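The following note sets out some points on the architecture of the structure shown below. It treats a helix pair and then a sheet with its covering helix.

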Amino acid sequence: MTRPLAVCFSLLCLATLASAAPPRSNILWLSCEDISPHLGCYGDEHAITPNLDQLAEEGVRYSHAFTTAGVCAPCRSGIITGMYQTTLGTHHMRCTATLPEGIHPFPKYLRDAGYFCTNNSKQDYQFKTPADTWDVSSGKAHWRDRGNDDTPFFAVFNFTGCHESGIARKSKYQDVTEVLTADQRQDPTKLQLPPYYCDTPITREDWKRNYELITAMDHWAGGLIQQLKDDGLYENTIIMFWSDHGVGLPRAKRWLYESGTHIPLIVRIPPAYRVDDQGTPGTVCDDLVSSIDFGPTVLNLAGLDQPSSVQGQPFLGSDLPAPRQYVYGARDRMDERYDIIRMVRDKRFRYLRNFEPLKSYYQYINTCEKGATMRELRRLHDAGQLPPAAEYYFSPTKPVEELYDCDADPHEINNLADDPAYADALKRMRDAQTQWIADTGDLGLIPEAILAERAETLGSEYAVLRQVDADRYNQRLGAIAVAASSGPSALNKLVDAAEDDDSAIRYWAATGIGNLGTVAKRAAADSMRARLGDDSSAVRTAAARALCRMELPKAALPVLIHELTTGAQWERLQAAIVLDEIDEQALPVIEQMRQGLQYQKGFNSDGKYRVRVTNRALNELEGTNNVVD
């Protein structure tokens with residue numbers, strides 16, 4: 001063959017290959033709310049989910065996918081940015097953080113690369129969505145809006161019908177499940193309840209509704225998959241199905257157990273877009289996946305680089321990092337109640353650190369108490385009729401550490417933290433949690449009132465733990481937070497830290513001294529009296545709590561009332577929580593506490609969180625049953 005002919009032949013081959021290459025893949029997310037892996041493809045014999053089961057047969061089912069929180073908005077902030085909510089400052093439920101410059105929701109990068117990006121329609125990211133995030137975000141957004149059929153798309157559809165409100169509200173449950181046929185209904189008497197619930201007809205009705213809402217969601221998913229097929233897009237669209245967290249019932253949603261953070265994840269990759277053996281139909285992958293990995297995975301599948309700020313990692317596509325050894329999670333303020341808990345999960349064990357062990361598992365949260373299962377649990381607890389596994393969650397305190405063998409104990413009932421046989425596993429998981437806090441900059445360890453002040457000064461919550469010497473400060477903060485729940489051995493350290501220049505350190509010192517109560521009276525009472533005049537409201541309130549727990553409430557009560565009635569948004573809430581915690585010690589100021597029932601313009605939802613806590617405290621002190629929104 002002559003040289004000119006060879007050149008022509010080579011160019012012809014290249015042109016042929018180029019014309020045969022598949023177009024850039026479309027990517028479709030099917031997301032739903034508040035469900036655990038109660039799907040047929042996950043082995044649940046009661047589930048009726050034919051469309052998702054078929055998707056799993058054609059794709060990959062992930063057995064170890066977890067979210068970074070047990071509640072929607074903190075999770076969704078992490079999903080859309082690929083970053084932990086505790087790093088961004090979006091960790092408290094119903095907060096509004098400031099997204100710093102240089103950190104963007106990942107769809108922006110897809111749009112920059114030519115993708116048409118739509119969201120139908122839930123955002124709930126806990127920050128103002130930048131204008132360049134979506135091409136369309138509305139209840140009508142659809143890939144069909146892109147105009148040019150050759151434009152690749154990233155489309156998100158969110159099903160809200162299986163939200164906890166679908167279980168709690170009969171009208172919503174009926175509306176969502178009206179698509180079900182008679183043979184898709186559940187017999188509640190045949191369902192198996194978790195051991196941490198009470199077995200009553202009311203509880204079984206909630207469990208039945210959960211399954212039927214999931215079947216309705218399966219109808220919805222099947223309809224969107226059919227639309228892809230009708231549009232001729234099924235074989236060039238990667239489909240990812242996932243839930244934002246676990247089932248919307250007590251000890252699941254909002255919690256960091258398997259029931260709250262283990263989610264279904266199914267991915268179908270058409271043959272033309274598979275890398276190596278990824279996407280082999282009918283396979284099960286046991287790699288650990290975190291919800292903050294979803295965005296990085298989409299970018300990787302689209303052939304885009306990862307932003308430097310991203311903490312998640314891709315689990316599909318080319319040039320993957322080593323599989324995760326751990327996934328992490330956090331619980332912080334849930335509406336009006338704080339409970340700082342951190343979680344680490346490997347393939348077998350789950351470790352939890354309770355930074356506020358003197359708080360009960362089932363703190364009284366207004367929204368949760370409206371659910372039928374929660375009302376049943378509380379009713380039978382009051383009657384002394386709960387089985388042990390359910391009664392445990394009404395314990396007045398929590399252990400500092402929890403460790404569960406999730407293979408042997410899938411409901412996580414048997415805490416192994418004090419079992420010498422698991423000492424090595426406990427230390428390994430504890431060390432992983434400690435390192436994660438230090439590495440990621442855990443804003444949840446800074447009291448919300450202090451964090452709000454610092455964020456206003458620095459421009460964002462994220463910036464607070466990104467200052468000079470941040471690594472050393474993160475370690476100091478984590479160490480004093482641990483010391484606060486470490487018992488009498490930490491007393492001298494706590495007394496010294498009460499004089500620290502940093503208000504967050506002083507807060508944890510006062511909190512730890514308060515946790516010790518009368519044990520710390522001789523060594524720390526004078527220090528706590530001095531801290532009643534601290535320049536930080538959070539420290540003043542923590543010191544007042546400490547004195548009350550030392551049975552020295554006289555000087556503390558006026559401070560608590562002052563903070564309750566004159567403080568800023570989160571300062572008022574913290575004071576209300578302490579007044580609720582000290583029970584009968586608050587009786588001398590009960591009339592002043594009524595000021596906490598007044599909605600305050602300019603604060604969160606007119607101050608409803610403070611009103612809720614104050615109302616609960618007054619109900620318990622006066623034996624009333626007044627209801628607030």
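1. In this predicted model, helix α8 (residues 201-230) and helix α12 (residues 372-382) have axes that come within 9 Å and cross at roughly 155°. Angles over 145 degrees count as roughly antiparallel, and α8 is therefore roughly antiparallel to α12. The crossing of these two helices is left-handed.

2. The contact between the two helices draws on I202, T203 and D206 from α8, and on A372, T373 and E376 from α12. Sorted by class, the contact of α8 with α12 comprises two nonpolar, two polar and two charged residues.

3. An open sheet is formed by four strands, in the order β10-β11-β12-β13, with antiparallel pairing.

4. R342 has R353, in β12, as its bridge partner.

5. Which helix lies across β10, β11, β12 and β13? Helix α14 (residues 423-440) takes this position, and runs at about 60° to β12.

Definitions and conventions
Residues numbered from 1 in each chain as written. Predicted model: local features only at pLDDT ≥ 70, side-chain atom pairs only at ≥ 80, totals over all residues. Heavy atoms only, no water. Pairing = 2+ DSSP bridges. Contact = heavy atoms within 4.5 Å. Axes fitted to C-alpha atoms, helices over the stretch in contact; angles between N-to-C directions. Parallel < 35°, antiparallel > 145°, perpendicular 65-115°, else oblique. Left-handed = near helix turned anticlockwise from the far one by under 90°. Nonpolar A, V, L, I, M, F, W, Y, C, P; charged D, E, K, R; others polar.
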